[in-house]
Amino acid sequence: MLRGAHLRVTRPRLAVLRAVHGHPHADTDSLIGAVREELPAVSHQAVYDSLRVLTTAGLVRRIQPSGSVARYESRTGDNHHHVVCRSCGAIADVDCAVGEAPCLTASDDRGFSIEEAEVVYWGLCPACPPESTPASSWKEAHG
């Protein structure tokens, strides 16, 4: 993959790529921990640099749902979206609803040439009870 993207193959890049593939939607700290299992002496900066290079090359995708730290995934180039749990922060991939990239048709593109759309669905994952959301806690406290 690295050579195909015309990138130099380095141990940190390989380890970061493996970590992102093995831990979808992981944040940087989690990825540093995963990389250090393979390369104990790797620096934070080497992981950050590798993530930047891999993202720029299109081998990794950086996402950052509102109120969350940046997260990384290996699923790229298909314009998929995400569903995020408001309670525990779990993130899962969601394919576009219908047809080929329907989300690329804006009601008014304002003259932009749209290449990608990003949709984030918010709700509760199956593991979180409805009463655990900040919205329901606010409703209970304020009627």
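This briefing walks through a sheet, a helix and some cysteines in the structure above.

The model is predicted, so local features need pLDDT of at least 70 and side-chain atom pairs count only at pLDDT 80 or more, while totals for chains, interfaces and linings use all residues. Residue numbers run from 1 along each chain as its sequence is written, and side-chain values use heavy atoms, with hydrogens and water left out. Helices (H or I, at least four residues) and strands (E, at least two) are DSSP runs, numbered from the N terminus.

**The sheet**

- Here 3 strands make an open sheet with mixed pairing, in the order E5-E4-E6; two strands count as paired if DSSP finds at least two bridges between them.
- Strands E5 (91-94) and E6 (120-123) are the edges: each has a single partner strand, so one side of each has no neighbour in the sheet.
- On average, neighbouring strands are turned by 25° against each other, direction ignored (axes are lines fitted to C-alpha atoms, for helices over the stretch in contact, and angles run from 0 to 180 degrees between N-to-C directions).
- As background, strands of a sheet pair through backbone hydrogen bonds, either parallel or antiparallel.
- Strand E4 (residues 81-85) pairs with E5 in the antiparallel sense over 4 bridges, and with E6 in the parallel sense over 4 bridges.
- Take Val84: its bridge partner in E5 is Ile91, and its bridge partner in E6 is Trp122.
- The hairpin of E4 and E5 has 5 residues between the strands, and Gly89 there takes a positive phi near 85°.

**E4 and His81**

- E4 is mostly covered, with 4 of its 5 residues buried; buried means under 20% relative accessible area, exposed over 50%, and partly exposed in between (1.4 Å probe, protein chains only).
- His81 lies in E4 and stands opposite Val94 in E5.
- With a relative accessible area of 1%, His81 is buried.

**Helix H2**

- In H2 (residues 28-38), the buried residues are Thr28, Leu31, Ile32, Ala34 and Val35.
- These cover an arc of only 165° around the axis, which puts them on the same side of H2; the arc is that of the directions from the helix axis to the C-beta atoms.
- Exposed Asp29 and Glu37 sit on the face of H2 turned away from its buried side.
- Helix H1 (11-22), strand E1 (26-27), helix H3 (44-56) and strand E3 (71-73) are among what covers the buried residues of H2, with contact meaning heavy atoms within 4.5 Å.

**Cysteines**

- The disulfide count is 0, taking a disulfide as a pair of cysteine sulfur atoms within 2.5 Å.
- Cys88 is in no disulfide, and the nearest cysteine sulfur, that of Cys125, is 3.7 Å away.
- Cys88 counts as partly exposed at 47% relative accessibility, whereas Cys125 counts as buried at 17%.
- For the sulfur of Cys125, the closest cysteine sulfur is in Cys128, 3.6 Å away and too far for a bond.
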